[in-house]
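Here's a quick tour of a protein chain, written for someone just getting started. Have a look at the sequence and the model, then read on.

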Amino acid sequence: MEQKILYDYTHTGIKCPNGITMKLTFNSDRGYVWRCHKSKCCNKSRCSVLFQSFFAERKSTLRDQFIVLYYWLCCKAPRNTITLSTGIHPDTIRGVIDDFYQIMQEDFLSGNQTEEDLKIGKCTS
Ligand SMILES: [Zn+2]
């Protein structure tokens, strides 16, 4: 699931310093984190769940990014409506939508999706 939502189609997993694929783990103090589970590898190193994801290293907060995507994808709201409803700066809205749209285009062009991946919203059939 996390690879289809947070990362593009080329993503092969988060690697620890020794090249072992890390697993998504829930930590009561830090929430979800990527963590190496191989014993005697890298002292069980861990990193943010957002590491190397679409949401990493953006200027806007994760909350604002999710709000923009919610309004855009679920409500089909125009950008100016998102600004008026949320107070989020138009540059932030443009950046999130343009980047997300680019990821969707690359995913469609890759041919790596299934018919289920192309459906938006509730399936009625
Ligand atoms: Zn490791």
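What share of the contacts in the chain with a separation of 6 or more comes from residues 24 or more positions apart? The figure is 38%. Keep in mind that this is a predicted model. Here's the rest, topic by topic.

**The overall layout**
- You'll find four helices and three strands in the chain.
- Starting at the N terminus, the order of the elements is α-β-β-β-α-α-α.
- Out of 125 residues in the chain, 12% count as buried.

**How α2 sits against α3**
- To describe two packed helices, you give the angle between their axes and the distance between the axes.
- For α2 and α3, the axes come within 10 Å and cross at roughly 130 degrees.
- On the α2 side, the contact is made by I67, V68, Y71 and W72, while α3 brings in I82, S85 and T86.
- Sort the residues of this α2 and α3 contact by type and you get five nonpolar, two polar and no charged.

**How α3 sits against α4**
- Helix α3 covers residues 79-86 and helix α4 covers residues 90-110; their axes come within 9 Å and cross at roughly 130 degrees.
- That angle makes α3 oblique to α4.
- Here, too, there's a handedness to note: α3 passes α4 in a right-handed crossing.
- From α3, the residues R79, I82 and T83 meet P90, I93, R94 and I97 of α4.
- By type, the residues of the contact of α3 with α4 split into four nonpolar, one polar and two charged.
- Look out for I82 in α3: it takes part in the contact with α2 and also meets α4.

**A closer look at T61**
- T61 lies in the loop between β3 (46-48) and α2 (62-74).
- Is T61 buried or exposed? T61 counts as exposed because it has 12 C-beta neighbours inside 10 Å, and the cut-off for exposed is 12 or fewer.
- T61 and T92 are 31 residues apart along the chain, and their C-alpha atoms are separated by 9.8 Å.

Terms used:
Residues numbered from 1 in each chain as written. Predicted model: local features only at pLDDT ≥ 70, side-chain atom pairs only at ≥ 80, totals over all residues. Axes fitted to C-alpha atoms, helices over the stretch in contact; angles between N-to-C directions. Helix = DSSP H or I, 4+ residues; strand = E, 2+ residues; numbered from the N terminus. Parallel < 35°, antiparallel > 145°, perpendicular 65-115°, else oblique. Left-handed = near helix turned anticlockwise from the far one by under 90°. Contact = placed C-beta atoms within 7 Å. Nonpolar A, V, L, I, M, F, W, Y, C, P; charged D, E, K, R; others polar. Buried ≥ 20, exposed ≤ 12 C-beta atoms within 10 Å, placed from the backbone.
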